[in-house]
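I opened this structure to note how its parts are arranged. My entries follow in the order in which I looked things up.

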Amino acid sequence: MEVLLAAGQGGTRLVVRPDGHGPAPAGGPAVLDAEGLPDAVRALERERPRWVWADTATTYPALLHAGVRVERCHDLRLCHAILRGAGALPPEESAWDAVAAPGPDPDAATLFDDAAAATVGVEEVLAEHHRQQVALAGSDGGRLRLLLAAESAGALVAAEMTHDGLPFDPARHDEMLTAVLGPRPGPGARPGALEALAGQVRDLLGAPSLNPDSPTDLRHALRGAGLEVRTTRKHELAALDHPVVAPLLEYKRLARLLAANGWTWMEAWVAPADAPGRRARFRPAYVPGGVVTGRWAARGGGALQLPHQVRGSVVADPGWRLVVADAAQLEPRVLAAMSRDEAMARASRAGDLYQALVDEGVAETRAGAKVAMLGALYGATTGEAGLLMPRLQRTYPRATRVVEEAARSGERGEVVRTWLGRTSPVPPPQWHRVQRRASEGDADDVDRRRAGAVARDWGRFTRNFVVQGTAAEWALAWLADLRLRLRRIDGGAPHLVFFLHDEVVVHSPEAAAAEVATAVRAAATAAGRLLFGDFPVDFALDVTVVGSYDEAV
């Protein structure tokens, strides 16, 4: 059964289609106001329908706020982007490309409010859903259909994680900031540790009025001290031979901590505890499919850049634990599966894939094996990676052929696809202009070298796109399966609270933590089978049960 949900004049429209397709039943859609909608959704959810709506990020938070959760949905906005990229929908822009996902505030206007009623109506939802079903029927839709289901499930997870929040201890965070930066300063002032480092930098550069937070001022001061720099980025500063390097890099590190995760950040993104026995909650805004490879992004809060120092402030509620799982060496394992490289699959079953490369004679050390594999994934052709690449090609010919062919396609300006069918973007107009210039009759060696360089750069992007994008698909399948397994444990109390590319964190009652850890591993195995069938690749996990996030290995 499908239930289409959309905005409309005077309330939200529900269209129930028992057979999952066909026209709306006689009498037209039911119309519900904001107060009546949660009960209606709760009642229909007992039938386990697939909810079809314009945008999970806009629609689902209000239901969560009302205590209603759904099992399945079809997110038309996210699915439209995938189908359009895959060529299954017309390439012309449409209104669906402009449907925007809001922030995490559950009290903000949603499709349930009259203020937003004119955004996407029931006729638009019906028409777009029909277009997408026709597009799937006219394509090799098996894998693509799976991708749309996984992407939509990921949208549900993202909304639920923002709603539930990551348990957080503000007092511990304040202690950490004070220990590292000094006491919180007044408005417009630097913490003591930063001010002391700024003084050292000024003295060493002979620039008493320098503002080290200004790249322009800092670059001018460095040049005044005889240090030629193009930028003030960390890697360029670290290469300088001067006493100012150490305090300057330390200043930049602490300034980054203050800006990204300091007191102001905590006030903006960490909500106070809402009940006895519960900690505060960090509620960032996730953006599923926010990166072209299908990886997630974050709209606010910096969820995808949570440094280890801050992880010590992520603390389970009393009587609860954090189950932290990290997929080990995910992209090489995905490459083994999508290439059907049996030798590389055998290495994945050894546990530590990089050590298996050493045992196969690809590299002398584990560190060298890692360099070789990352070189294959990212197109490194010089240094140690370039020297080891021929050995890797001889040992794992199928796997290296997949990334090499993706690179050659990218160099020709072609589109490549992930395992389930997400497509890479076409090269930008500047790329095509450079290539056309190199092919003209009066092109010189400089033109041709430039064209070759930009072609190789795009080839490195497409080389990694097919693997990173497929790894993102595996991670979505892992999340989707785990989410359903958690609903069956301890009355659904354990819940996902964090996701970072190949790592998940589940907040679980202490008594259920061991069962949750088992579910995490089972979901990873199931995700591998869903995508790659019975091809024997092990998706190894490091799983730990801890009280605070920084305790996870």
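Predicted model: local features only at pLDDT ≥ 70, side-chain atom pairs only at ≥ 80, totals over all residues.

**Loops with positive phi**

I began with arginine 340, which is found in the loop between helix H13 (330-339) and helix H14 (342-348). Helices here are DSSP runs of H or I with at least four residues, strands are runs of E with at least two, and both are numbered from the N terminus. The phi of arginine 340 is near 60°, a positive value in a residue other than glycine. Most residues other than glycine have a negative phi. I then found arginine 48, also not a glycine, with a positive phi of about 55°. Arginine 48 is in the loop between helix H1 (37-45) and strand E4 (50-53).

Residues are numbered from 1 along each chain as its sequence is written, and side-chain values use heavy atoms, with hydrogens and water left out.

**The mixed sheet**

I followed strand E4 into its sheet. The sheet is open and has 5 strands in the order E3-E2-E1-E4-E5, with mixed pairing (two strands pair if DSSP finds at least two bridges between them). Strand E3 (30-32) and strand E5 (73-75) are at the edges with a single partner strand each, so one side of each has no neighbour in the sheet. From one strand to the next the twist averages 25°. Angles run from 0 to 180 degrees between N-to-C directions, and axes are lines fitted to C-alpha atoms, for helices over the stretch in contact.

E4 and E5 run parallel and are joined by 3 bridges. Tryptophan 53 stands opposite aspartate 75 in E5. I then looked for helices on this sheet. H1 packs on it and touches strand E1 (2-8), strand E2 (11-17), E3 and E4, and its direction makes about 15° with that of E2. H3 also packs on the sheet, touching E4 and E5, at about 55° to the direction of E5. Contact means heavy atoms within 4.5 Å.

**The antiparallel sheet**

Which strands form the open sheet with antiparallel pairing? I found 4 strands, in the order E12-E13-E11-E14. The edges are strand E12 (495-499) and strand E14 (541-546), each with a single partner strand, so one side of each is left without a neighbour in the sheet. The twist averages 20° from one strand to the next.

I checked the partners of E11. Strand E11 (residues 320-327) is joined to strand E13 (residues 503-509) by 7 bridges, and the two run antiparallel. Arginine 321 has serine 508 in E13 as its bridge partner, and leucine 322 stands opposite histidine 507 in E13. E11 is joined to E14 by 6 bridges, also antiparallel. Alanine 325 stands opposite valine 543 in E14. Helix H21 (residues 513-532) lies across E11, E13 and E14, running at about 165° to E14.

**Two helix pairs**

Helix H16 (residues 366-378) and helix H17 (residues 383-395) pack at about 85°, with their axes 8 Å apart. H16 and H17 are therefore roughly perpendicular (angles of 65 to 115 degrees count as such, under 35 as roughly parallel, over 145 as roughly antiparallel, and the rest as oblique). Residues that meet include Val371 and Met373 in H16 and Leu388 and Leu392 in H17. By class, this contact of H16 with H17 has 8 nonpolar, 2 polar and 1 charged residues. Ala, Val, Leu, Ile, Met, Phe, Trp, Tyr, Cys and Pro count as nonpolar, Asp, Glu, Lys and Arg as charged, and the others, Gly among them, as polar.

I went on to H17 and helix H18 (residues 397-411), which pack at about 120° with their axes 5 Å apart. That makes H17 oblique to H18. Met389, Leu392, Gln393, Arg394 and Thr395 in H17 meet Pro397, Thr400 and Glu404 in H18. The classes in the contact of H17 with H18 are 3 nonpolar, 3 polar and 2 charged residues.
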